[in-house]
Protein chains: 2
Amino acid sequence: MQTAHASLSTQIAPNAALLRNTPASRTTPELGTARTVAKDEEVFAEGDRAAYFYKVVSGAVRTFKLLSDGRRQIDAFHLPGDIFGVESGDEHRFSAEALGDATIIAYRRCSLDVLASRDQAFANQVIGSMMRSLERAQDHMLLLGRKHALEKIATFLLVLSERLTEGSHVDLPMSRIDIADHLGLTIETVSRSLTQLERQGIIELPAHRRSIVLRDKAALERLEA
Amino acid sequence: MQTAHASLSTQIAPNAALLRNTPASRTTPELGTARTVAKDEEVFAEGDRAAYFYKVVSGAVRTFKLLSDGRRQIDAFHLPGDIFGVESGDEHRFSAEALGDATIIAYRRCSLDVLASRDQAFANQVIGSMMRSLERAQDHMLLLGRKHALEKIATFLLVLSERLTEGSHVDLPMSRIDIADHLGLTIETVSRSLTQLERQGIIELPAHRRSIVLRDKAALERLEA
DNA sequence: CGATCCTTTGAAGCACCTCAACGCCGGTGG
DNA sequence: CCACCGGCGTTGAGGTGCTTCAAAGGATCG
C-alpha cells in the first residue's frame, strides 16, 4: 500500500504494517507518550474526561461498561497495535483496565484536521481502527444476542486464535471472569463449556490454566453456528 | 462553535468544518441517487459487493446478520438521516431491508480522500455517523450481554422515544419480531414484557398495536438498570 | 507451606424459550 | 356488507439452558 487509498471501506488497508507497532515502520511522528500500566490498573474510567486516546504496545487491555448493580460487559479486548479510547463526546463512555502488565502509548486527543494534516497515515490508522472496532462490535452483537454458550465459546476461541495464536496453542491473556463478562455468560458456564469441548477432544486444557490448545479447529468452526 | 474543532471525538460536530481548506467553490453537493424501497424489500444482502452506501431519507431500515439455522440479530434500526452500509472490506457484512416503504439515497462508494476533498462536510458526516454507530453498538452489547428482558424493553423504549417521539407517543416502525431480534429475545417475551409494563401503568398499548404511549418515563429509567 | 485466588464441579432454581392455541385486525372477494 | 382468510400479537403451559448457590480442588505467591 503506497498511497493508502483511504477508501471508505479500505482505509484500514490490509497492510497492517503501519498499525502494528513494528519498530521497522516507526515512521514517527505521532507524538504520544508511553505509559506502563500494571495488572488490573485503570487506564481511564467511564465518565472521565477524554483527554487522550491510546494504542496498545504490549500486553492487553479490556474496555467495559458496568450496570448499577455491578454487572459488567466487556465490549472488547485490545491487543498490541489496537487503538482504544477514541470518543466522539468529551467523556469516555466506558472504562479501560490492563489485563496484565502492559505498555501503551497515550495520544493527546486532537482535532481530526490537525491530525490529518500532521500525519495522514496515522489519521487513517485511527479511522481504520474505528472501523474494525465497529465490525467486531457488530459480529459480537450476533454472538451476544443469538448464540448459545457452546457457540459463544467456539467463536471466542477461533477469533482469539486468529489474533494471537502460535500454532494451535493459544495463550489467554484474560481470566475466566473476563471471558464470561465478554461473552455474556457466567464463569461457571464458561468453565463447563470448556470442559465439555475438552471431553470431546476438540481442545486441550493444560494444567497451566491460562492456555488452551486447539486440537480441532474444524470442529470449532462447525460449532460456531 | 464556529470553528468546529473536528476533534477525534467531535468530528461529528454539528458544524462540519473543513479539514483542509478547500476552495469554497467546490461545494458540490454529494451526488447520490434516490431510491425507493417497498416494505421488507432488500437494499443489499450480506456478501453483496459493497458498491454503495446509503442514507435514509424517510421510513426506516433494519440491518442484520443471520446464523446458518436462521437465527437473526438486528444490529440497528436506521431512521431518517442515518447512514448505513459503509464497509471497510469490499463486501457488505450484513443485510439491509426496509421496515416499511422507505426512500433512501445511494452514494457510490469511494475513497475517503476523494470524498474529503470533494465535500468535506459530507465526509465528516459519514465519519460521524460511523462513530455514532459504534457508540450505539457498544451500548447495545451491554444490553444484549447483561440486561434482563424487562431492562432490555425499557432501554429500547427510551432510546426509541428519544429518536422519534412526539410527546410521549411512540410510533413503532417495526414489528414484534424485529424488536425481539434486536434485543435478543423471542416475540413472546417481548409481548409479555410489554404487557407487564402496561399492567404496572408504565406504558399504554393502544388497540393500534404499532404504537405505544410512555406514561412514566422515570419508571422506565429506573427499570433500565 | 499456608493463604488466597482462580477454576472446576455439583445440585437446585429460575428466566426465558418452545410449543400451542386463541384473538384481533385488515384485506379480499363474493 | 359480511364471511373468510392470513398475518401479527397475546396468552398459557411446560421444558430447558443457563444461572445461582455451594463447596472442593489446584495453582501461585508470599
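## Before we start

This is a predicted model, where local features need pLDDT of at least 70, side-chain atom pairs count only at pLDDT 80 or more, and totals for chains, interfaces and linings use all residues. Residues are numbered from 1 along each chain as its sequence is written, chains are lettered from A and ligands numbered from 1 in the order in which they are written, and side-chain values use heavy atoms, with hydrogens and water left out.

## Where the chains meet

The contact draws 54 residues from chain A and 55 residues from chain B. Together the chains bury about 5000 Å², with 61% of it on carbon and sulfur atoms; that is the accessible area (1.4 Å probe) that two parts lose on being put together, summed over both.

Between chain A and chain B there are eight salt bridges, each a side-chain nitrogen of Lys or Arg within 4 Å of a carboxyl oxygen of Asp or Glu. On the side of chain A that touches chain B, the elements giving two or more residues are β5 (72-78), α1 (112-118), α2 (120-146) and α4 (176-183). Of these, α2(A) gives the most, with 17 residues. Helices (H or I, at least four residues) and strands (E, at least two) are DSSP runs, numbered from the N terminus.

## Salt bridges up close

Over all chains, the whole structure has 27 salt bridges. One of them pairs Arg72(A) with Asp178(A), 2.9 Å from N to O. This pair ties together distant parts of the chain, since Arg72(A) sits in strand β5 and Asp178(A) in helix α4, 106 residues apart. Arg72(A) counts as buried at 13% relative accessibility, and Asp178(A) is buried too, at 5% (buried is under 20% relative accessible area, exposed over 50%, partly exposed in between, with a 1.4 Å probe and protein chains only).

Other bridges cross between the chains. Arg93(B) and Asp139(A) meet at 3.1 Å, N to O. Arg93(B) lies in the loop between β6 (83-84) and β7 (95-98) of chain B and Asp139(A) in helix α2 of chain A, so the pair joins two chains. Here Arg93(B) is buried at 16%, while Asp139(A) is partly exposed at 37%.

Asp181(B) and Arg146(A) form another, with the closest N and O atoms 2.7 Å apart. That one runs from helix α4 (residues 176-183) of chain B to helix α2 of chain A, and both residues are buried. Bridges with shared partners join Arg146(A), Lys39(B), Asp40(B), Arg62(B), Arg72(B), Glu97(B), Asp178(B) and Asp181(B) into one network.

## A covered helix

How many residues of α3(A) are buried? Twelve of its 16, so the helix is mostly covered. Among them are Leu150(A), Ile153(A), Phe156(A) and Leu164(A).

Terms used
Contact = heavy atoms within 4.5 Å.
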